[in-house]
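Student: I have a new structure open and would like to learn how to read it. Can we go feature by feature?

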Amino acid sequence: MTLHIPGIAQIGIKGGAGVSDIAFSVLGQSPYLGYEVNSLVHKVPTLSYQIGVFGIINISNRWLFQPELLYARYGLNYDTEFLYDDVTFRIKIDYLQLPLLLKYKTMPSKSWHVGFFAGPYASLKLNANKYTVIEGQEDKKEMPNIENYDLGIVGGISFDFNITKGQIVTGLRCSYSLMNIMSYVDGNIPEYNGPENGKARNV
């Protein structure tokens with residue numbers, strides 16, 4: 001929801017739920033999570049959420065700039081079923097995230113309109129933990145090999161409804177990390193083709 005400041009901008013609060021995953025390329029997840037996870041299989045993406053504040057600065061009748069400051073959660077969800085043990089493995093990473101979005105709105109004179117937005121984001125890691133659950137017993141450990149920041153892009157579509165003193169904004173968005181968010185775990189043996197070919201990215 002936004003609050004209108006006449007002639008200048010709008011400010012608002014936002015929150016939402018979604019799904020998150022970590023994409024591993026070329027070398028797979030073993031260099032980042034350890035070889036013990038090789039027996040685990042990918043489950044449904046983990047639940048994620050965002051909450052924070054945002055501003056809307058009008059550039060023209062159709063274009064606007066939308067900076068945001070969010071508390072955002074990312075992560076992944078693996079599991080497996082052995083003959084005697086059920087194992088679940090989750091990673092939860094919390095960030096302070098700053099998306100800087102450029103937005104184009106259709107039908108600006110109407111009481112509601114569709115908007116399209118895209119832009120970069122920068123994230124500062126607040127904490128990162130892995131959770132292993134074996135037969136209902138949970139073990140929580142910090143993940144020091146998660147990088148302290150992340151950079152990426154975000155885009156999506158919004159549905160904006162004008163009200164007396166502002167707007168109600170709903171929408172869908174997706175994001176993709178442009179950097180490797182993890183370093184290798186201690187004891188990993190590098191592959192012959194070199195560490196630069198491995199990637200772990202938030203999606």
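Student: Is Asp 160 buried or exposed?

Tutor: Start with relative accessible area, where under 20% means buried. Keep in mind that this is a predicted model. Asp 160 has a relative accessible area of 2%, so Asp 160 is buried.

Student: Where in the chain is Asp 160 placed?

Tutor: Asp 160 is in strand S10.

Student: Which side chain makes a polar contact with the side chain of Asp 160?

Tutor: Look for N or O atoms within 3.5 Å of each other. Here the partner is Lys 103, and the polar contact between the two side chains is 2.8 Å.

Student: Let me try the next one. What is the relative accessible area of Ser 123?

Tutor: The value for Ser 123 is 4%, so Ser 123 counts as buried. Ser 123 sits in strand S8, which covers residues 112-134.

Student: Which side chain is joined to that of Ser 123 by a polar contact?

Tutor: That is the side chain of Gln 97, at 3.1 Å. Gln 97 is also among the residues that Ser 123 touches, once residues up to four places away in sequence are not counted. Tyr 95 and Leu 96 are on that list, and so are Asn 148, Tyr 149 and Asp 150.

Student: Now sequence against space. How far apart are Phe 54 and Ile 13 in each?

Tutor: Compare two numbers: places along the chain, and the C-alpha to C-alpha distance. Phe 54 and Ile 13 are 41 residues apart in sequence, and their C-alpha atoms are 6.2 Å apart in space. Phe 54 belongs to strand S5. Phe 54 is buried because its relative accessible area is 9%.

Student: How far apart are Val 87 and Gln 137?

Tutor: They are 50 residues apart along the chain, with 9.5 Å between their C-alpha atoms. Val 87 is in strand S7, while Gln 137 is in strand S9, residues 137-142.

Student: Is Gln 137 buried or exposed?

Tutor: Over 50% is the mark for exposed. Gln 137 has 59% relative accessibility, so Gln 137 counts as exposed. Val 87 has a relative accessible area of 10%, so Val 87 is buried.

Student: Where does Lys 110 lie?

Tutor: Lys 110 lies in the loop between S7 and S8. Its relative accessible area is 47%, so Lys 110 is partly exposed. Along the chain, Lys 110 and Asn 162 are 52 residues apart, yet 8.5 Å separates their C-alpha atoms.

Student: What share of contacts comes from residues 24 or more positions apart?

Tutor: Among contacts in the chain with a separation of 6 or more, such residues account for 68%.

Student: How many helices and strands does the chain have?

Tutor: There are one helix and 12 strands. Read the order from the N terminus: β-β-β-α-β-β-β-β-β-β-β-β-β.

Student: How much of the chain is buried?

Tutor: Of the 203 residues, 41% are buried. The chain exposes about 11,400 Å², with 62% of that supplied by carbon and sulfur atoms.

Student: Next, pockets. What is the volume of the largest pocket?

Tutor: First the idea: rolling a probe the size of a water molecule over the atoms shows where empty space is left. In this model, the largest pocket has a volume of about 740 Å³.

Student: Which residues lie nearest the centre of the largest pocket?

Tutor: Lys 14, Gln 50, Gly 171, Leu 172 and Arg 173 do, out of 35 lining residues. By class, the lining has 18 nonpolar, 12 polar and five charged residues.

Student: Which strand gives the most to the lining?

Tutor: S2 does, with eight residues. Several strands supply at least two residues each, including S5 (46-58), S6 (63-81) and S11 (166-177). S10 is another of them, and S10 is where we began, with Asp 160.

How values were computed. Residues numbered from 1 in each chain as written. Predicted model: local features only at pLDDT ≥ 70, side-chain atom pairs only at ≥ 80, totals over all residues. Heavy atoms only, no water. Helix = DSSP H or I, 4+ residues; strand = E, 2+ residues; numbered from the N terminus. Buried < 20%, exposed > 50% of the residue type's maximum accessible area, 1.4 Å probe, protein only. Polar contact = N/O pair within 3.5 Å; in protein donor to acceptor, adjacent residues only side chain to side chain. Contact = heavy atoms within 4.5 Å. 1 Å grid on protein atoms, 1.4 Å probe; cavity = no way out; pocket = protein on both sides within 12 Å on 5 of 7 lines; lining within 4 Å. Points joined across faces, edges and corners; volume = space filled by probe spheres on them. Nonpolar A, V, L, I, M, F, W, Y, C, P; charged D, E, K, R; others polar. Areas by Shrake-Rupley, 256 points an atom, 1.4 Å probe, with all protein chains shown as cover.
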